[in-house]
Every structure is written in structure tokens, then in C-alpha cells.
Amino acid sequence: MEKELDEVDIFLLKSLQADAKTTAKEFAAQLNMSVSPIYERIKRLEQKGYIKKYVAILDKTKLNRSITCICQVSMRQHSEAFIDNFEKEIRKIEEVQECFHMAGEVDFFLKINIGSLEDYHYFVRTKLSRIENISVLNTTFVLKDIKNGTEISF
């Protein structure tokens, strides 16, 4: 964390993580400040890249995507070209919610939310298996979300 962040900046970042719809007017009232400096601080945090974007967290059950799959993918070969190709192809697959390039036994870690096992089967057969150079695919299914957040602690 850069030294340029003061207590007010940290308060704003923490608060916006919890509820991005909080207005500058509401923050001003909480901090006993005027609206304009709060608005300018938030804009500065956006411009400096501390705030990348604002999103809505959707209810996966209401959207018929209640099954969370964790896929561990290992590659046959680890050349730059194969890794770049995998990353390019995985970005195109809308079912993949998150993808991490890993160090260790597994090369990539994918998080996918789907509606049924049949949907997962279709996803593997028609999308994931078509990516060149996959050696091993090991999938586990989440039984229960214990902690599922987006906040970064300070």
C-alpha cells in the first residue's frame, strides 16, 4: 500500500468494497466533511488505479448457476506459446468466472458456476477440452460456500 493513502482514503476504499453504491454525500456525512473533497478523493483513487471498477454481485442461485466447480488444469508442455494460447482461449469462455496461473503441480485453477452436471459435461466436451495441450483436468464441486467475498483487507 502506497504511503499516499491516508485514513480517509482507506475508509473510503473499505466502505466502497462493502457497498459501492454509497454516495459522496453519505460519506461526507459520516466523515463530517463536505461532499466536494470526498468526491475528489474517490475520483483520485479511481484515476490512480486503486479502484479498478464497480460491479454488482449477483445471486448465482436465482440465475440457475448454483453449482460451483473448481477445475485444476495441467498442461502437457509449458512453452510460452502454449501458455499464451491457453490464457487467450480461456478468456473467451464465458462460463469461466476466474482463472489463475499457478506454480506447483497444477498449472491453472478455474472457477466456474453452472446450473447442472449436464451443463458441466457440455462445458468440458464443447469448450474446455478443445483447448490444445491440456494434459490433466481435475474438477471438484463446492458443497457449501463458507466464505465468499471480494474485499481486500487493510
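In this predicted model, β1 (67–75) pairs with β3 (108–114) in the antiparallel sense over seven bridges; strands are DSSP runs of E of at least two residues, helices are runs of H or I of at least four, both numbered from the N terminus, and two strands pair if DSSP finds at least two bridges between them. Strand β4 (residues 134–141) also pairs with β1 in the antiparallel sense, again over seven bridges. Seven of the nine residues of β1 are buried (under 20% relative accessible area, with exposed over 50% and partly exposed in between; 1.4 Å probe, protein chains only), so β1 is largely enclosed by the rest of the structure.

Attention now turns to the nonpolar cores, sets of buried Ala, Val, Leu, Ile, Met, Phe, Trp, Tyr and Cys residues joined through side-chain atoms within 4.5 Å. The largest has 19 residues, of which Phe86, Ile90, Leu110, Ile112 and Phe123 touch the most other members. Two or more residues each come from β1, α4 (80–92), β3 and α5 (117–126). A second, separate core of twelve residues includes Leu5, Val8, Leu13 and Ala24.

Helices α1 (residues 7–18) and α2 (residues 24–31) pack at about 130 degrees, with axes 12 Å apart. Their contact (heavy atoms within 4.5 Å) involves Val8, Phe11, Leu12, Ser15 and Leu16 of α1 and Phe27, Gln30 and Leu31 of α2.

Residues are numbered from 1 along each chain as its sequence is written. Local features need pLDDT of at least 70 and side-chain atom pairs 80 or more, while totals for chains, interfaces and linings use all residues, and side-chain values use heavy atoms, leaving out hydrogens and water.

Notes:
Axes fitted to C-alpha atoms, helices over the stretch in contact; angles between N-to-C directions.
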